Structure formats: structure tokens, C-alpha cells
Amino acid sequence: MTDTTISPRGGVPERPSLDGLEETWARRWQEDGTYAFDRTKERSDVYAIDTPPPTVSGELHMGHVFSYTHTDTVARFQRMRGRTVFYPMGWDDNGLPTERRVQNVYGVRPDPSLPYDKDWRPPAAPVDDAARKNPTAISRRNFIELCELLTVEDEKAFEALWRRLGLSVDWSLTYTTIGSAARAASQRAFLRNLARGEAYQAEAPTLWDVGYGTAVAQAELEDRERPGAYHRLRFTGPDGREVLIDTTRPELLPACVALVCHPDDERYADLVGAAARTPVFGVEVPVRAHPLADPAKGTGIAMVCTFGDLTDVTWWRELRLDTRVVIGRDGRLLPEPPAGVPAEPYAALAGQTVNGARRTLVELLADAGDLVGEPRPITHPVKFYERGDRPLEIVSTRQWYLRNGGRDAGLREELLARGRELRWVPEHMRHRYEHWVGGLTGDWLVSRQRFFGVPVPVWYRLDDAGEPDWSHPLTPDEAMLPIDPTSEPPPGYEETQRGEPGGFTGDPDVLDTWATSSLTPQIVGGWETDPDLFARVFPMDLRPQGHDIIRTWLFATVARSHLEHGALPWHTAVLSGWILDPDRKKMSKSKGNVVTPMALLERNGSDAVRYWAANGKPGMDLAFDPAQVKVGRRLATKLLNASRFALGLGAADALRAAATQPLDTAMLAELSGVVATATTAFDGYDHTAALMATEAFFWRFCDDYIELVKERAYGTGPAADSARAALATALSVQLRLFAPVLPFVTEEVWSWWRYGSVHRSPWPTTYEVGRAMEAPGDPKLLRLAADALGQVRRAKSERKLSMKADVPLAEALGPAAVLDQLGTVADDLRAAGRIAKLDLLPDRTTELVIACAF
């Protein structure tokens with residue numbers, strides 16, 4: 001690595017400005033290939049980053065700017081340390097969010113029964129509310145094409161923002177999670193999971209989002225507090241005994257299959273093993289005991305319905321109960337009652353929404369005298385799909401699952417061991433991973449009943465009656481991938497046999513978007529398609545991501561890599577926090593407190609915004625603070641002006657000369673400590689500590705050292721040469737220390753007097769700084785001189801004098817040893833303070849005192 005390539009020196013401008021730097025340098029970096037990955041390097045010289053692909057079904061927000069800036073500081077630091085950095089950018093463009101965005105923007109809905117219309121054209125976007133409420137039905141293929149069209153436009157806007165922010169990615173490595181390479185990798189991994197028995201299909205109770213019309217995995221759930229009500233229902237036990245049940249879901253009464261109490265609850269001990277009859281329907285259901293029943297909740301005995309919640313599923317499975325499903329995939333009660341439930345009372349509920357059925361059944365209960373008292377309002381947690389707006393239901397469906405340790409204790413322990421093997425930054429985030437893995441209750445549901453995603457790559461034979469053989473799926477050869485079984489026939493079949501008895505049918509589902517995103521290291525690393533590249537980048541060095549998706553993206557990626565490669569996908573995971581508004585509330589569109597990144601970048605400059613972002617440590621939340629952005633702009637402006645001043649003194653021509661004067665070596669000695677601190681901090685992924693140390697020194701350098709040394713630097717002779725040499729070294733080193741955080745202003749200043757790019761220059765070392773000193777310096781000497789000058793300035797300020805006012809006489813009082821040190825920089829102090837005569841009076845005071853006479 002050298003700093004003598006790419007671009008020539010540009011000279012110091014008369015009026016340096018931050019305006020326009022982003023456009024200038026983003027273009028230059030792209031033209032010069034400044035951040036291009038060198039795939040000829042050995043693995044030991046590569047630093048590979050598994051970059052989070054942001055979802056392109058909306059707008060980037062300040063949280064993205066925050067976390068991606070952190071990652072970029074790592075990439076820039078490692079590049080300057082001599083590594084070739086594998087830093088791709090991806091777009092997560094498949095899945096439910098994209099579909100919903102397309103539906104809202106164009107007012108359409110997919111209908112798989114419709115034929116493809118090659119002449120169909122989308123309406124002008126965005127459409128009005130009326131079109132959204134009454135969407136136009138289009139074929140599956142037309143809908144997918146529309147998804148592809150919109151994501152391409154979204155990705156252009158996202159790339160423009162990332163370039164404006166200054167991310168040092170290699171744009172030639174860009175990938176999408178719906179692209180051909182991603183689809184092939186996702187399908188290849190699934191087929192291998194299937195061949196090893198890690199993927200399987202099952203008919204089972206499934207969490208279902210009725211709004212999106214798809215199954216949902218455990219990792220995608222969130223609890224939301226919602227109003228509800230307890231209804232007390234009267235069941236009839238043996239000999240007419242009254243059994244009271246409290247429930248928030250009376251509409252599930254026709255789905256009731258049992259009553260359950262705790263084994264130790266003496267109130268119901270005599271009922272266990274007997275039966276009770278449901279109100280309204282008069283269906284006989286068994287009374288069973290189970291330890292999950294809570295004696296303190298409600299009346300202490302609960303009805304088990306198929307299915308009201310996940311506890312119902314547990315009771316149903318472990319107690320081997322009957323199944324009476326009443327809610328369909330559309331969120332309405334089925335048109336026909338389940339077996340054993342009388343049709344007459346059920347007819348009033350058939351086809352109703354859940355809320356409508358609840359109201360009707362409450363009326364039926366009241367009319368029958370089986371509703372005890374009035375409903376009691378409560379607020380309770382209700383499970384939602386994290387992107388959905390309607391409560392989840394549980395329906396019985398056939399789905400694909402991937403083993404993840406939820407039902408396999410051995411695999412669970414292996415994945416916990418992987419978590420302990422991984423380096424976590426900050427370390428305490430590992431506990432979130434372990435808590436998630438330890439709390440898994442089932443395998444990963446990876447199939448989705450949607451359209452814009454990676455197709456499940458299997459077909460099924462149809463028997464003579466046209467029924468599919470689910471237990472023996474037909475699979476393609478890996479060389480055929482990617483494939484779409486809904487439009488391509490399996491090997492050995494013709495398209496004319498689709499849907500015909502004795503023929504085949506394609507799996508209509510797509511894979512969960514996380515099932516593809518969990519393979520980002522493999523997708524971008526060229527797994528099975530570019531073995532040479534894969535060997536150079538995998539396992540990767542870094543996974544940066546939000547702490548809120550440890551349970552989804554991080555865990556899923558670890559699981560897939562463990563199953564396929566028997567290894568971690570990366571060595572280190574760095575977790576970022578959330579962005580809060582100035583009132584320390586999480587930013588969200590629903591709260592209306594989101595700040596638009598592009599406008600902020602244009603108004604304040606990208607370096608200023610990056611400065612704010614870099615003040616947030618890994619794992620810690622950070623409040624958006626416009627004042628701190630302004631501090632960042634002030635710092636960038638000062639860097640421009642201080643650099644111009646130093647170079648105006650002739651520092652550029654003294655770069656490789658040695659500093660000889662005590663004040664100069666003192667400054668460089670302190671700078672050497674800053675280099676050590678910043679390097680250690682970056683090695684530990686603590687960009688904030690590196691920035692703080694660098695910034696604190698820079699302001700001392702500007703306010704103290706430059707002021708003390710500038711008169712000498714204007715002169716000639718060895719002392720002036722020493723000052724210019726120290727200024728040159730200090731400027732060169734500080735530009736490189738700031739470069740990971742402030743890439744635009746540092747590149748601009750570097751171009752005035754150095755060749756090449758600062759971002760391709762070597763990271764500064766303590767050896768480099770030490771070599772610039774003729775003899776070792778004492779950092780304390782600069783602090784001492786700054787203290788003395790500060791006292792002179794205060795004396796002038798107290799007398800309301802200009803800082804340029806002359807001081808006829810100044811007396812320095814203090815311990816002899818201190819004054820001996822001060823004497824070595826007395827000439828610089830006199831010049832900076834405009835002191836005509838400086839007397840050193842030892843041992844008059846215990847601390848340094850500068851007394852000025854005017």
C-alpha cells in the first residue's frame with residue numbers, strides 16, 4: 001500500500017469550503033476504483049464484511065445512517081491497515097414488505113388464477129386511496145414483474161444516499177436477494193437441507209397473518225398490548241355441576257376440545273378424567289390436567305380450543321386432543337362446522353369475521369343464560385406479525401420447516417456453542433442470542449404463501465386421482481438452479497402434464513425472506529460458483545447488524561452456516577443500537593419523529609452527520625442531536641482552515657524533516673499516544689473512543705500548539721524548520737486518524753499536498769511519529785506551555801484587551817523544576833503571548849502562575 005497512486009496533488013485553494021465535496025469525491029473514488037476489492041490477495045490479507053442488505057420497500061432512515069457509518073469506519077480503518085477490504089452492498093428486495101409496497105403504490109393485487117398479460121401496463125403511481133381499497137387483480141407473473149420494476153427504482157435512490165454518505169463499498173459487488181445468484185444459492189442450500197433431513201414438510205398448527213395471507217415464523221412475532229375482555233362462560237359438568245370458564249375469545253367456543261386444570265388444583269381434581277358440555281353447542285369435551293394451567297388465572301380452569309394461542313397448541317399436542325378448526329385462512333369462520341359440532345347454532349357464525357363472530361356468540365350465550373355477569377375489560381398482549389396490522393390466528397396448514405434446535409437438544413447445544421465461539425461486540429449481546437436459542441419451541445417455518453420471493457424448488461407427483469404425493473417431493477439437479485416450479489416442469493415431465501392425474505404440480509410457496517438473507521455470506525462470496533473467491537472471503541471477518549435482529553438474521557445465518565459448512569459464517573459480530581429522538585423515544589414513522597437522511601446530509605454535509613453517528617458506541621442507543629451535527633460541521637471546517645494555515649507556512653515541503661525543538665517534540669510525543677489509543681480502539685471496534693481521542697488532541701493542536709509555534713514557523717533557520725516539520729507530520733497523521741469518520745474533508749485536504757488518496761494511505765503508527773523527532777519529547781511540556789499561554793490570555797481578557805496586545809512584563813512563578821521546563825519553550829511563549837520580557841521566579845508558588853504587567 002502506498003500513497004503515491006491515483007490522483008496528483010491539487011494545491012491549497014484560496015477559499016476552502018465543505019460545499020460540494022461529496023459530489024466531487026464520490027465521483028473520483030468511483031472513477032479511480034479507490035475501494036475496489038483486490039481478489040488476488042491471500043486470505044490473511046483480506047478483511048471481509050457481511051454487510052446487512054437493507055430492505056428496499058420504503059425509505060432509509062437515520063438508523064441506517066447510524067449503523068452503516070459504524071461499519072464504514074471499520075472498513076476504512078482495515079483498508080488503511082493494509083488489508084484489501086471485501087465490502088459489498090446488497091438490497092433485500094424480496095418478501096412481504098415489497099409486495100405490500102407494490103400493492104399500495106399501484107393499487108393492484110396478485111391473482112394466481114389469472115393468465116399472464118404481456119401487454120398489461122401499470123397505472124401511474126402513486127394511486128389514490130380508492131384504487132388501494134379496490135385493487136386491480138393481475139396475474140402472478142405480472143405482479144412479480146411490477147415488484148421487480150419498483151425495487152430497481154428504490155435501489156437507485158438507496159445507492160444515491162449511500163454514495164452521498166460516503167460508504168466505501170465496492171459497488172461492483174452489489175447483489176440483491178431476489179437476483180439470480182441469490183435465488184440459486186437459496187434453493188441450493190434448501191435442497192441440501194432437504195437431502196440431509198434438516199428440511200421437512202408437515203401439516204401442523206401454524207401462526208397465520210390473515211392480512212398478508214401467509215404463515216409466520218416464531219422469530220417474526222411481537223406482542224402488542226390490545227384491549228380485550230374476559231367473558232365468563234358456564235359449562236356443565238357431571239351431574240349438572242356448574243363449571244365456569246374465563247376466556248377472552250368466546251368466538252372459539254365451537255373449536256373447544258377440552259377443559260384443562262393444574263394437576264395440583266384440588267378444586268377440580270374430581271373433574272379430571274370426566275367430561276363437561278359446552279354452552280350453546282352442547283358438545284361433550286374431556287377435562288384434563290396439565291402443569292401449564294395457572295390456578296391463579298381466571299377461575300383456574302381453561303378451555304382448550306384449536307387454536308386460540310400457542311398454549312392451546314401445546315395442550316393439544318401433549319394431551320393428544322381432537323381437532324376442531326373453525327377459523328380459515330381469510331380470518332373468517334369456516335362455512336361448515338367441524339365434526340361433532342351441531343350445525344344449527346353454528347350457522348349464525350359461519351362466514352363472519354372474528355370480531356363479528358365474537359359479538360354474535362356473546363349474544364347467544366346471554367340468550368341461553370350461560371354468560372355469567374358482564375364482560376370485564378382488560379388490556380393484554382396479543383401476538384402480531386412484526387409487519388402486520390391484524391392479530392395472528394392459528395390455522396392448520398402444510399408448511400416447510402428447517403431444523404434449528406427448537407426440537408433437537410443436540411442441535412440446540414451445538415448452536416449455543418457456536419454463539420460462545422463468536423466474538424460479540426459488545427460482549428453482553430451474546431446473552432440475547434443464548435436466550436433466544438434456549439427459548440425456541442419449534443423448528444423454523446420457512447415457507448410463505450406469497451409471490452415475490454425465492455420459490456420452494458420442488459414438485460409433487462399427482463396420483464391417478466390428481467392428489468399430490470407430499471412425502472416424495474421431486475427435486476431438480478443443482479445445475480438447473482434457479483428454477484420456478486410453478487412455470488417449469490420437473491425433469492422427466494412435460495409442461496402439458498401440469499395439474500393432470502399422473503402428472504405433477506409445482507410447490508406454490510416461496511421461502512421466507514430470512515431463508516435467503518441468512519445466506520448473505522454465501523451469496524456474495526460466490527459459494528459453489530466462484531470457489532477461488534469463496535476461499536478468500538469465507539468465513540468472513542465481520543457481521544455488523546442491529547441488536548433487534550439477533551433472533552432472526554444473526555441466528556439464522558449461524559444455523560445455516562453450521563448445517564452447511566460446520567463453521568461460523570464470520571469471526572466477529574458488532575451490534576448497533578437504536579436511534580432515539582431528542583426526547584429519547586425510538587424514532588418511527590407512526591410517531592412522526594423520523595428525520596429524513598438525505599435532507600440532513602445536504603444541509604449539514606456528510607462528514608457532520610457521520611461525526612454525529614460515530615459518537616454512538618456499538619450496542620448503545622443514540623439520540624439524534626442536531627447540535628452535535630453542527631459540532632461535526634464545525635470540526636470539519638476547522639480541519640480545512642487549520643490545514644490551510646499549516647500548509648501556508650510551508651509544512652508540505654518539510655514532511656520528512658525531523659523536529660528538533662522541545663515544544664515540537666512534545667506535541668509529537670502526545671500525538672504518538674493518540675495514535676496508540678486510536679489504533680487500540682479501532683482494533684476493539686470502538687470507533688467512538690478513537691474519535692474522542694483524536695478530536696481532543698486536534699483542538700489542543702489548533703488552540704495551543706499552532707498558536708505557540710506560528711511566529712517561529714514564519715521565520716527561517718533550524719527552529720523554524722523544526723516547527724514546519726512538526727506541523728507536517730502532525731497534519732499528515734491527524735488526517736489519517738480522522739479519515740474513517742470524516743472521509744470527505746480529509747480526502748480534500750490530503751489532495752492539496754499529498755499524492756493519491758488518504759484512504760489508501762497507511763494507518764499512522766507510533767514508530768512513524770517517533771521517527772519524526774530528533775529526540776524523544778515530553779507530552780507534559782505542551783500542556784505546561786498551553787497553561788502558561790492560557791493565563792496570559794485570561795489576563796488580557798480580564799482587562800478587555802485584544803489578544804494581540806503587548807505585555808511589557810510577565811513573571812512566571814512556580815516550582816523550580818516546572819520553571820526549568822517552561823524555560824525550554826520560553827521563546828515560543830513570549831512570541832505567542834506578545835511578551836516583551838519574561839522573568840522566571842522559582843519557588844515562589846507551589847503551582848505555575850503567570851503574572852502580567854500592562
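A residue is called buried when its relative accessible area is under 20%. With that in mind, and remembering that this is a predicted model, begin by selecting strand β23, residues 540-546, where seven of its seven residues are buried.

If you then include helix α15, residues 550-565, you have on screen a right-handed β-α-β unit made of β23, α15 and β24. While you are here, show the side chains of R543 and W553, because R543 lies over the face of W553, at 3.1 Å from the ring centre.

Now turn to the aromatic rings, of which a search of the whole structure finds 27 pairs. Select F66 and W612, a tilted pair with 6.1 Å from centre to centre and 45 degrees between the planes. F66 belongs to helix α2 (residues 62-80) and W612 to helix α17 (residues 606-614), so this pair ties together parts that are 546 residues apart in sequence. F66 is buried, with a relative accessible area of 0%, and W612 is buried with a value of 0%.

Then move to F190 and W400, whose ring centres are 5.2 Å apart and whose planes stand at 85 degrees, so the pair is edge-to-face. Here F190 in helix α6 (residues 180-195) is linked with W400 in strand β16 (residues 393-402), 210 residues apart.

Finish with W29, Y35 and F744, which form one aromatic cluster.

Note on methods. Residues are numbered from 1 along each chain as its sequence is written. This is a predicted model: local features need pLDDT of at least 70, side-chain atom pairs count only at pLDDT 80 or more; totals for chains, interfaces and linings use all residues. Side-chain values use heavy atoms; hydrogens and water are left out. Buried means under 20% relative accessible area, exposed over 50%, partly exposed in between (1.4 Å probe, protein chains only). Helices (H or I, at least four residues) and strands (E, at least two) are DSSP runs, numbered from the N terminus. A crossover is right-handed if, with the strands pointing away from the viewer, the path from the first strand over the helix to the second runs clockwise. Rings of Phe, Tyr and Trp (its six-membered ring) pair if their centres lie within 6.5 Å; planes under 30 degrees apart count as stacked, over 60 as edge-to-face and the rest as tilted. A charge sits over a ring if NZ of Lys or CZ of Arg is within 6 Å of the ring centre and within 35 degrees of the ring normal.
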